[in-house]
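Subject: Structure handover

Hello,

Please find the structure below. My notes on it follow.

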Amino acid sequence: MNNVKALKLSPAMKQFLADESIIILMMGGLFLFSGYDDHVVKLCCLALSGLLFLYLLGRFWFYRSVSWEITRTQIKITHGVLRRATNYVELYRVVDYAEEQTFIQQMIGLKDVYILSSDRTEPALRIFGIPNHLDIISEIKPLVKQARIDNHIYEIANN
């Protein structure tokens with residue numbers, strides 16, 4: 001990342017399918033039950049499957065609206081469907097990192113990266129739906145070290 005101005009990330013759409021798979025299956029089942037002969041059951045199933053479809057559409061737009069941009073000095077988090085918001089985490093505030101994978105993420109080759117910081121608005125930043133082959137933490141660590149040096153931030157440990 002030394003030669004690149006910024007690293008731009010967004011969640012893979014496989015993450016949406018993994019997170020919302022139960023709702024998708026429920027919507028499909030309700031849609032199939034809407035073929036039932038009873039008029040009341042048919043209307044209820046169609047109404048519920050329509051509501052689930054609207055929920056999934058909103059979630060899909062949310063996944064499409066989230067992005068993270070890592071620069072030499074900060075992480076820029078942009079999200080929002082109806083109202084767009086942008087938050088910034090200064091890299092000198094980063095204190096720890098973690099990676100996590102659910103069982104489904106392991107199967108489809110995705111992971112979540114957590115960046116823990118002393119920032120008040122984003123103390124635990126979750127970067128989700130990132131492909132396994134991207135090593136975000138090794139990209140960020142040298143930038144954090146340099147940002148601390150540039151801002152004269154020194155950690156004092158009591159051993």
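Strands β2 (residues 67–70) and β3 (residues 74–79) run antiparallel and are joined by four bridges. Strands here are DSSP runs of E with at least two residues, helices are runs of H or I with at least four, and both are numbered from the N terminus. I70 has I75 in β3 as its bridge partner.

This is a predicted model, in which local features need pLDDT of at least 70 and side-chain atom pairs count only at pLDDT 80 or more, while totals for chains, interfaces and linings use all residues. Residues are numbered from 1 along each chain as its sequence is written, and side-chain values use heavy atoms, with hydrogens and water left out.

The sheet: four strands make an open, antiparallel sheet in the order β1-β2-β3-β4. Two strands pair if DSSP finds at least two bridges between them. β1 (7–9) and β4 (85–90) are the edge strands, each pairing on one side only. From one strand to the next, the twist averages 15°.

The segment before β1: A6 is located there. Leaving aside residues up to four places away in sequence, A6 touches E69, I70 and T71 (contact means heavy atoms within 4.5 Å). A6 and K141 lie 135 residues apart in sequence and, C-alpha to C-alpha, 15 Å apart in space.

Helix α3 (residues 39–65): L48 belongs to this helix. L48 counts as partly exposed because its relative accessibility is 44%; buried means under 20% relative accessible area, exposed over 50%, and partly exposed in between (1.4 Å probe, protein chains only).

Regards

Conventions
Axes are lines fitted to C-alpha atoms, for helices over the stretch in contact, and angles run from 0 to 180 degrees between N-to-C directions.
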